[in-house]
Structures are given as structure tokens and as C-alpha cells.
Amino acid sequence: MAWGVGLCVATLACAQSKPATSSEAPRGSGFSMETVKEKARALAAKPYQEPPVGVPPSFEKLTYDQYRDIRFRDASSLWRDANLSFRAQFFHPGFYYTRPVQVNEVSGGKARPVPFSTDQFTYGPLVGTPPRGKVNGFAGFRLNAPLNTKGYYDELVAFLGASYFRALGKGNLYGLSARGLAIDTALQGPEEFPTFREFWLEKPAESADTVVVHALLDSTSVTGAYRFAIKPGEQTVMDISVTLFARKQVRQLGLAPLTSMFLFGENDRGDFDDFRPEVHDSDGLSVWMKNGEKLWRPLKNPKHTQVSSFHTDGLSGFGLLQRDQAFSSYEDLEARSERRPGAWVQPVGDWGKGSVRLVELPTREEIHDNIVAFWVPDAPLAAGAQLGFSYRLSWGFAPEGVKALGSVVAATRVAAGSKPGARRFVLDFTQNTGEGTGPVEAVVTASRGQVLHPRAEVHAVTGGYRAAFELMPDGEGPVELRCFLKRGSETLTETWSYLWIP
């Protein structure tokens, strides 16, 4: 599911509803994190029910351009006149988002519904008049904060559609998204898409630099209670705690899923006839194991669905990153892909044994998110079980933080080798001189075939290193390749991991 930047403008469908006056405002009910957990627990004890459509038929059929032509009025922003560091705005239901969610404000320990009104929106000429008929809530919401310029409230984070959400670090433009949960992704049979059914926005204190959001998740297999503590900055950080309740056995549970787009790049241009050198929101998957190993997997747009699994006894983190931040790599004045954020998942506590799963789907259009990455625990989630976990999700240009090892520079280049049938691979690493002296060696392994002429040399332009080698395949099947640099017994870089398909 791809969100264009324009989709973050809000669309709504309901006609005559008006905001409650102070005398009409609900008195509110007591609220805490346990409130959401108990709702999730009670919901899991009942059979799943698909949420009803909550907009008039005409707003179910809005086009993309019509949806973009409905905008939330800044003057209607929640907390606008409260002198706070955060404001909330809301998305209008319609287009893809026809099943509205309830949004509540939490203030003074009490939760009160935020009422929908057509007066909160402007309806442009492509839409004309507001919807006529009942609208049962909002499609989602966004939070604004002074992220880039003091005093100006930039869009910081948006929750819109199923369990999708995304955020920005300083200087970023929207790119990849996250999800609350991924269930049965890329398995035989249909994927299950959980949805956030209800939200609670805690009104922050006047001096607060963090805003808290709670969400109730519902799906055929599970329900869940989520808490997001969101702090904007160079990297915008979300501290997320989750409690899941299983209605039934889950075949494949994907925790902390990330979703992105990769159309083509240096390593995988395909047959795209495009003036741009590269088109993607992320260029690779990074995985850090607790044993110290770090992997970098360049993304691809495959001919057929491709699933890769990286098993570990302990996970330090994983993320989809946009390492290439040079405008010349994209040459796109509209998309500005060099400003897309990366997103980094850091488990809090021990998640146990499991795998980081990477799913790459074929696509011919950049409007589709065809990349998914998530954590699959080895331990299954049985019917009636409860699972709690927490993680930190960081968004920004370098969300993974300090890197002790040299990193793979984004570009992976593939060309003809020196012998018929051979393929040459060239990849660059950032500088890491290590503590020793002596020559630097490229350590290359292949799951099949023969590795020829591996070498490493100082990159005279960047000050890092360039590694090159050739592969002589021994058949028609795919080959798993790995490469890292070392000096003597000292490992200097993360490991480049690549699936080459003839």
C-alpha cells in the first residue's frame, strides 16, 4: 500500500454533523493503558466482525484526485490554541478509507470522543459539496510539531489505513511506512491485514517534548493494545509497547513490520525506460545480530515474489534504509527520493530466537509498496495466548545510530566478468581503518559456483574501500553471495548479503 505525499491531506464524508458545543461535550470516562488492554482482551473473546462502511456511497467512489481535494482546516486543529508543542489534524473518510475509526482525546485522566464535522474540512472543486449522510468517524489522523523550523508545525506522523503509520525525522519527506502487525505475509493463501479500530490521543503538558498515542488493533486472528510515545527530532523516535491477544492460532506472526517501495537501482535496473538513475524509497535492509554480526541486503524488484529469511538467536535491530542521499542518484525534483527517511527497529528486552523476514514483490509502478520486512519469532502464537513486547522505532537519515563497523555504500554494481558466463560485482564500503596494520582482504563466499579474483583496495575518492570479485555460476539457480572486509583476524565491515538470480 503506497501513500503519495498528497494523500496526507484528509478526506471526510458526513454531511450535517456539527462539533459538540461545550454544553453538549461528553463528560468523558476514566482512561489508562489498562483501558485499551481490557478492550482488546474483551474483543478477542468474541468472533471477529468486519467494521462497517461509515460513509455515504458517493464518498466510497472518490478518485485519488478528489480525495486530495478535501483538506482539513488548520483552524480546527486539536490543541491549536493551547500553546503546546503538538497539534492533531484528522483525515476524512472516503476513497480507500471507507471504514472510519473513533478518535478520542485524553485529558485529565478522562477520555472524550473527538466529534466529526464537515465544518472541519474544505471541499475543493473536484468534490464540490460535503457528503450528505452520516459519517461515523475519521479515516485517521496526523500529528504536527515544530520539526524543521521553530514556530512552524510540520507534519510529523500520520496514522491512516488498516494499521499503517509513518513518520519523519528532521529534513525528511515521507517514504516508507510501518504497520502495527503483519499476519501471513507472502504465505499461501490471503494475507491478513489488521486494523486500528480506535485511537486515544493524550493531551501533552505545555512543556512536553513527547506525545502519547494509544490504539486498539483488531483482526481475524488477534486483537492488540498499542502505546506510542513519540518524540520528534533529527531522528523521530517512537517507543512502542504492545499486548496481543490471539483469537486463534497464527500461522506467521510478523512483528514491527516495515513497508517500502523499490522500483529500480544500480544493481537491478531491469527494462525500465526512465530518465531517473534510481527510483526507490529504501535501498536496503540492515540486520544487526546480538552476536555482533551485521548484514546489509540490497533490495531488488524481482520477476517473481522473493522471500529471504535471516535467522538469529538474538536480535539487536533491523531496518529499511535509504543510504543513498545524493540528489544525482535520483534526479527527481518532485519526489526528492534522497530525502526519504529510514526506519530502524530496536527490540526492548529479549525477543528470543526468530528471523528477520524480507519479502520483495514484483511491481511495474512506483505507487505500490512492494517491500516488506518484519520479525517472525520461532515460538508460535497459540489460540487464547497473550503476547507482550516492546521496541523503539526510529525514523530519519541515519536511524540505526552508531555503527562500529564500516558500512556498505548503497550502490551494488553488477557487470560482465572477464570470462564468458562470469559476472563481476563491485561494491564500496565506508572507511574503517581498524586498529591493526597490513593489507585489507575481501572475504567472499558463494552458496554455489566459483568465486574469482576477490580483492579490496583503498577508494581514492571517498577514503573508504572498494571490493570486487567475479562469480562463475555452475547452473541456472540463484546464488547467495556474501562479502566483508578484514585485516588479519579483525573484521572491518558489516557483511554484504546478496541473492544473485541469473
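Reader: What sits over the ring of W296?
Author: The charged end of R323 does, 3.8 Å from the ring's centre. Bear in mind that this is a predicted model.

Reader: And over the ring of W288?
Author: There it is the charged end of K294. The distance to the ring centre is 3.7 Å.

Reader: Switching to ring pairs. How many aromatic pairs does the structure hold?
Author: It holds 35. Take Y67 and Y97 as one example: their ring centres are 5.6 Å apart. Their planes stand at 50 degrees, so the pair is tilted.

Reader: Why tilted?
Author: Because stacked needs planes under 30 degrees apart and edge-to-face needs over 60. At 50 degrees, Y67 and Y97 make a tilted pair.

Reader: Where do Y67 and Y97 lie?
Author: Y67 is in helix α3, residues 64-68. Y97 is in the loop between β3 (87-91) and β4 (102-107). So the pair ties together parts that are 30 residues apart in sequence.

Reader: Are those two buried or exposed?
Author: Y67 is buried, and Y97 is too.

Reader: What about F95 and Y96, how is that pair arranged?
Author: F95 and Y96 are stacked. The centres are 4.1 Å apart, with 25 degrees between the planes.

Reader: F95, buried or exposed?
Author: F95 counts as buried, because its relative accessibility is 12% and the cut-off is under 20%.

Reader: And Y96, buried or exposed?
Author: Y96 is exposed, with a relative accessible area of 62%.

Conventions: Residues numbered from 1 in each chain as written. Predicted model: local features only at pLDDT ≥ 70, side-chain atom pairs only at ≥ 80, totals over all residues. Heavy atoms only, no water. Phe/Tyr/Trp six-rings, centres within 6.5 Å; stacked < 30°, edge-to-face > 60°. Helix = DSSP H or I, 4+ residues; strand = E, 2+ residues; numbered from the N terminus. Buried < 20%, exposed > 50% of the residue type's maximum accessible area, 1.4 Å probe, protein only. Lys NZ or Arg CZ within 6 Å of the ring centre and 35° of its normal.
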